[in-house]
There are 2 protein chains.
Amino acid sequence: MPQIDRTPSPVDSRPHVVIVGAGFGGLACAEALGGTNIRVTIIDRNNYHLFVPLLYQVATAALSPADIAEPIRRIVSRHPNIDVVMGEVTGIDRTAKRVELADGSFVPYDRLVLATGSSYSYFGHDDWAEIAPGLKTIENARRIRARLLMNFEQAEMCEDPARQKALMTTIVVGGGPTGVEMAGAVAELARFTLARDFRRIDPRTARVLLVEAGPRILSTFPDDLGQYARRKLEELGVVVLTGQAVESITPEGATVGGRFIPAGAIVWGAGVKASPAGSWLGVETDHSGRIPVGADMAVPGVPDVYALGDTAALAGDDGKPLPGLAQVAKQQGEHLGGGLEASLLRGQPLEPFRFRNRGNTAIVGRSAAVFDFGTRKLKGWFAWVLWAIVHVYLLVNFHKRVLVTMQWLWRWATYQRGARLITTDRPVSAAESVTSPHGGSAEPFRGMKRGQG
Amino acid sequence: MPQIDRTPSPVDSRPHVVIVGAGFGGLACAEALGGTNIRVTIIDRNNYHLFVPLLYQVATAALSPADIAEPIRRIVSRHPNIDVVMGEVTGIDRTAKRVELADGSFVPYDRLVLATGSSYSYFGHDDWAEIAPGLKTIENARRIRARLLMNFEQAEMCEDPARQKALMTTIVVGGGPTGVEMAGAVAELARFTLARDFRRIDPRTARVLLVEAGPRILSTFPDDLGQYARRKLEELGVVVLTGQAVESITPEGATVGGRFIPAGAIVWGAGVKASPAGSWLGVETDHSGRIPVGADMAVPGVPDVYALGDTAALAGDDGKPLPGLAQVAKQQGEHLGGGLEASLLRGQPLEPFRFRNRGNTAIVGRSAAVFDFGTRKLKGWFAWVLWAIVHVYLLVNFHKRVLVTMQWLWRWATYQRGARLITTDRPVSAAESVTSPHGGSAEPFRGMKRGQG
């Protein structure tokens with residue numbers, strides 16, 4: 001395979017910034033450089049920017065994947081200086097200053113921004129990933145959706161009460177915002193949306209367990225907000241197990257605090273680890289795989305390379321690393337984009353980044369959310385409305401804002417969800433997973449094939 | 001595996017109608033029986049009813065799958081006498097009068113309605129199915145969408161002009177309404193939606209070929225409407241090849257009329273064959289696999305079994321079999337549902353079915369459609385608006401009507417499409433399909449894996 005330079009115009013004399021990853025941070029950085037006299041190339045494995053904070057709504061049949069994803073090319077198309085390469089990064093040549101792609105080609109850079117995000121960490125149990133998917137990709141969200149809905153279909157057909165109970169049990173691992181949101185949404189799906197649609201089972205008897213190893217849920221929030229969230233979850237029927245670690249996960253269920261709980265679906269929302277960007281550079285990372293960076297987001301010892309968002313470990317005002325939040329990545333991207341423009345075009349030094357907390361939020365369910373602005377706290381109905389407004393506002397595209405708002409209003413008014421589809425492209429037929437009494441559980445997240453009719 | 005009766009209440013003394021397939025026909029039949037003193041069981045492989053006529057809009061990134069699919073349970077949940085079983089039928093025991101499912105269980109019937117629809121026929125070349133998917137399932141629509149979009153991504157990265165041209169070539173096989181709609185939509189996707197989003201390629205130079213073996217496209221429509229559609233397609237840049245059969249299909253392209261045309265995507269919309277319902281019964285079928293039925297839709301020689309829609313061959317007033325249209329299936333389902341109620345509860349004989357043509361329609365593109373009402377014909381802008389109104393009206397769910405209308409209005413106003421996602425659950429990475437120069441074409445419809453960023 002010949003070495004091909006993927007840059008659109010290799011003879012272009014403008015400085016070239018390469019950004020790996022089109023998440024919140026990478027995209028904000030690119031947009032800050034839009035319209036400048038700098039060439040920008042965004043590299044991403046996907047063709048779309050994904051609004052990850054709403055993925056749990058795809059997993060619980062409320063939204064469609066396309067509602068929360070927008071083509072990267074579309075977002076930056078108004079800036080002719082920004083180019084998009086869909087490809088998989090395999091390494092970085094620090095000496096030649098170029099990014100290497102899986103197809104053998106490369107992209108040379110003058111400055112490189114690593115915004116490659118994070119994935120779930122299974123604490124050394126990588127085999128759990130297939131059984132208990134996390135909420136980071138559209139594919140996983142769709143798998144979780146198919147599994148949750150399929151479990152009710154199988155329970156309806158099931159003759160064995162113990163197996164029926166297992167199928168109607170969902171375990172959510174991790175009591176952070178993602179786990180809380182997921183547990184609340186699954187409980188609402190069963191309790192309201194599916195309530196009247198079955199003849200043999202009562203979906204309202206479905207069990208949802210939220211398992212948190214630490215002493216309380218929403219540990220990054222003030223204590224009273226965590227308590228409020230717990231109370232609201234329990235009102236929805238969620239069993240909150242704090243101070244209990246998941247010891248093992250099998251296709252039949254999970255062992256929590258020494259007790260085996262049979263379950264039809266397990267969703268992972270616990271530890272997070274950074275992408276392998278650190279190993280591409282050959283630099284030391286912290287225990288979560290994050291690259292320690294300077295206040296200007298430069299990677300120490302590697303000239304002209306920067307890291308931000310979940311990829312980077314940067315201390316905040318309190319000395320602790322900034323949290324892995326969209327708003328952190330976004331602010332860093334904007335800051336770095338502006339800084340690189342000043343540096344490349346006017347020779348100015350990069351300014352140190354300071355995070356401004358816009359408020360930390362989590363939604364528990366219908367009319368229940370929490371907001372923590374540092375100095376102020378909010379909970380309940382008003383926090384819930386604010387949560388919705390903020391999330392709609394942050395959706396990239398005007399059209400999608402309207403679509404998502406409409407679907408939320410409709411769901412709020414009717415308790416119904418618009419995306420109750422059991423579809424995955426994995427070649428396992430519904431018949432097969434219904435066949436053996438434990439067929440569905442043997443491979444909880446294998447897909448179901450399309451059908452007749 | 002013990003033989004389990006899947007009927008919810010086997011001791012129920014009410015007569016039991018079993019309907020296989022929740023397409024337009026099966027669902028209409030079930031709804032006609034809703035609220036009566038008859039037990040109804042719908043069996044389908046999927047958990048949703050799919051609005052197949054709009055699948056081409058999913059394949060061309062205009063709508064999301066959930067916009068045109070609705071859970072069967074939801075649709076019939078207001079009728080407690082209707083039960084839904086998600087399962088795969090493997091056979092029918094005519095003597096014991098029961099439907100056998102793949103999981104070894106069965107459903108006994110007093111009357112059985114077969115509404116199992118059709119799939120694409122590859123005229124003995126079943127290996128073409130993997131290369132050139134047809135538009136009958138959500139999974140295939142999503143695969144086609146991923147491939148079309150991925151081809152442009154690969155063309156942007158491609159150094160070889162011949163390969164680039166091939167990637168930007170789409171062949172649509174079959175000049176019926178589905179082929180015409182698909183060809184027009186792919187042309188509009190390239191010409192308008194993607195036009196400004198690439199830096200090295202000009203998507204407007206993409207080629208779309210519509211191949212029809214017969215002398216003209218839209219052969220079931222009056223000649224002038226077919227000519228109008230052809231003219232409109234050609235204005236959109238579609239090359240219409242009539243009187244030319246597809247002789248072979250390989251992952252690199254298709255041989256049409258003796259000439260090999262390299263192509264990045266091939267979409268099948270040619271022959272149709274009925275589901276295997278005929279073989280379940282062990283009855284003779286016509287050349288398309290359809291079961292010849294009497295005017296009351298009863299299967300001759302098989303007591304208490306009926307077939308309708310694409311599963312059945314029933315002559316219309318002109319002596320020719322009724323076409324495989326949603327409106328035919330729907331009218332048949334309504335008619336048979338009412339007839340079965342009168343027969344089972346009041347002992348009345350079934351009335352013969354008569355099809356009332358509500359108008360045959362096909363859409364070519366923006367502001368261009370054709371309508372044939374038999375006595376009246378329509379084409380152009382007004383036909384296009386009427387097409388949209390009819391299709392929105394026919395969507396099952398009020399919420400989805402509003403969503404689809406909004407997305408259409410937005411698309412009409414902006415030329416943009418809301419569902420431009422390259423996602424499939426097949427475990428082949430984007431990197432792999434980009435790696436080898438012909439990687440993408442080697443398996444044109446294998447999926448792409450999710451990515452970083």
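**View 1. Polar pairing between domain 1 and domain 2 of chain A.** Across this interface, one residue pair is in polar contact, with both residues at pLDDT 80 or more. A polar contact is a pair of N or O atoms within 3.5 Å; within protein, one must be able to donate a hydrogen and the other to accept it, and residues adjacent in sequence count only if both atoms are side-chain atoms. Salt bridges between the two domains number zero (side-chain nitrogen of Lys or Arg within 4 Å of a carboxyl oxygen of Asp or Glu). This is a predicted model, in which local features need pLDDT of at least 70 and side-chain atom pairs count only at pLDDT 80 or more. Residues are numbered from 1 along each chain as its sequence is written.

**View 2. Elements on the domain 1 side.** Strand S10 (118-120) and helix H10 (326-346) of chain A each give two or more residues to the side that touches domain 2. S10(A) gives the most, with three residues. Helices (H or I, at least four residues) and strands (E, at least two) are DSSP runs.

**View 3. Area buried between the domains.** Domain 1 and domain 2 of chain A bury about 630 Å² between them. Carbon and sulfur atoms hold 58% of it. Buried area is the accessible area (1.4 Å probe) that two parts lose on being put together, summed over both. In domain 1, A:Tyr120, A:Leu325 and A:Lys330 lose the most area to domain 2. Together they make up 67% of what that side buries.

Key: Chains are lettered from A and ligands numbered from 1 in the order in which they are written. Side-chain values use heavy atoms; hydrogens and water are left out.
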